Amino acid sequence: TAYLADSVELKCLFLLMDGRHGIKENDYEMLQWLEHHQKIYRVIFTKTDKLNQRDFLAAIKKAKKIQR
């Protein structure tokens, strides 16, 4: 984590989350860490092609809530 916290070269971090399983506790912990260290980040949900339309739309809604 020292590299992530101290690197000035990193402009944006991408946090990959499995869209089939939603946001897990360790994802929330990482999001809090990124916020605490004032890092710019984007959340990318993977495997969304495996979801039905309702679950896909729910994943998008969750992603929009946590993006800054």
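Q: Among contacts in the protein chain between residues at least 6 apart in sequence, what share joins residues at least 24 apart?
A: In this predicted model, 72% of the contacts between residues at least 6 apart in sequence join residues that are at least 24 apart.

Q: OK, and which elements is the chain built from?
A: The protein chain has three helices and two strands, and, read from the N terminus on, these elements follow the order α-β-α-β-α.

Q: How do the strands run, parallel or antiparallel?
A: Strands β1 and β2 run parallel, and six bridges join them. As one example of how the residues line up, D18 stands opposite T46 in β2.

Q: What about the two faces of β2, which residues sit on each?
A: The covered face of β2 carries Y41, V43 and F45, whereas R42, I44 and T46 make up the uncovered face.

Q: Can we zoom in on I23, what does I23 touch?
A: If residues up to four places away in sequence are not counted, I23 touches M17, Y28, F45, K62 and I66.

Q: Where is L16, and why does L16 count as exposed?
A: L16 is placed in strand β1, which covers residues 13-18. L16 counts as exposed because its relative accessibility is 56%, and the cut-off for exposed is over 50%.

Q: Switching to charges, how many salt bridges are there?
A: The count comes to three salt bridges. One of them brings together the side chains of R20 and D18, at 2.8 Å from N to O, and another is formed by the side chains of D18 and K47, at 3.9 Å from N to O.

Q: Why is the pair D18 and K47 worth a look in terms of sequence?
A: D18 lies in strand β1 while K47 lies in the loop between β2 and α3, so this pair ties together parts of the chain that are 29 residues apart in sequence.

Q: And which residues make the remaining salt bridge?
A: That salt bridge is between D55 and R54, whose closest N and O atoms are 3.5 Å apart. R54 counts as exposed, with 63% relative accessibility, whereas D55 counts as partly exposed at 31%.

Q: Which residues end up in one network through shared partners?
A: Salt bridges that share partners join D18, R20 and K47 into one network.

Q: What is the phi of K47 like?
A: K47 has a positive phi of about 60°, although K47 is not a glycine. Another residue other than glycine with a positive phi is Q38, where the value is near 55°.

Q: Where is Q38, and is Q38 buried or exposed?
A: Q38 is found in the loop between α2 and β2, and at 68% relative accessibility Q38 counts as exposed.

Q: Where does H21 lie, and how exposed is H21?
A: H21 lies in the loop between β1 and α2, and H21 is partly exposed, with a relative accessible area of 48%. The C-alpha atoms of H21 and Q32, which are eleven residues apart along the chain, are separated by 19 Å.

Q: Last topic, the whole chain: what box do the C-alpha atoms fill, and what share of residues is buried?
A: Taken along the principal axes, the C-alpha atoms fill a box of roughly 40 × 20 × 20 Å, and 29% of the 68 residues count as buried. The accessible surface comes to about 5200 Å², and carbon and sulfur atoms account for 54% of that surface.

Terms used
Residues numbered from 1 in each chain as written. Predicted model: local features only at pLDDT ≥ 70, side-chain atom pairs only at ≥ 80, totals over all residues. Heavy atoms only, no water. Helix = DSSP H or I, 4+ residues; strand = E, 2+ residues; numbered from the N terminus. Buried < 20%, exposed > 50% of the residue type's maximum accessible area, 1.4 Å probe, protein only. Contact = heavy atoms within 4.5 Å. Salt bridge = Lys/Arg side-chain N within 4 Å of Asp/Glu carboxyl O. Areas by Shrake-Rupley, 256 points an atom, 1.4 Å probe, with all protein chains shown as cover. Pairing = 2+ DSSP bridges.
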